[in-house]
Amino acid sequence: MESRLNDILPEEFPFEDDGCELWPHCLTCPFPYCIKEEPWGKEKWLKRRRAERMKELRQEGKNIKEIARIFEVSPRTVQRWLEVLEGARE
């Protein structure tokens with residue numbers, strides 16, 4: 001059976017495109033690799049996305065305490081994530 005699967009065309013491969021909670025279909029996913037298979041991949045992506053939203057709110061004029069209340073984290077957590085994003089930009 002194994003060697004038979006190696007010989008079939010990609011469009012004939014028995015693959016179910018179930019996607020994940022981040023993207024509905026694997027074949028249209030924007031990630032270059034499956035982040036579910038990377039150690040802590042989904043968690044890293046979600047935290048990064050949250051940090052980017054914090055940065056957007058900061059640019060819109062919200063202060064650190066307001067952002068911390070929105071995300072239910074400490075003001076220091078907001079400051080750390082903003083610092084991480086600032087360091088990644090350089």
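1. E56 is partly exposed, because its relative accessible area is 38%; the class lies between buried, under 20%, and exposed, over 50% (1.4 Å probe, protein chains only). A salt bridge here is a side-chain nitrogen of Lys or Arg within 4 Å of a carboxyl oxygen of Asp or Glu.

2. This is a predicted model, in which local features need pLDDT of at least 70 and side-chain atom pairs pLDDT 80 or more, while totals for chains, interfaces and linings use all residues. Residues are numbered from 1 along each chain as its sequence is written, and side-chain values use heavy atoms, without hydrogens and water.

3. E56 and R53 are three residues apart in helix α2, so about one helical turn separates them. Helices are DSSP runs (H or I, at least four residues), and strands (E) need at least two, numbered from the N terminus. R53, E56 and E60 are linked in a network of salt bridges.

4. In the whole structure, six salt bridges are found. Among them, E52 pairs with R48 at 3.6 Å, N to O, both in helix α2 and four residues apart. Another joins E38 and K44 at 3.5 Å.

5. No disulfide is found in the whole structure, the criterion being two cysteine sulfur atoms within 2.5 Å. The sulfur of C34 is 6.2 Å from that of C26, its closest cysteine sulfur, and therefore too far for a bond.
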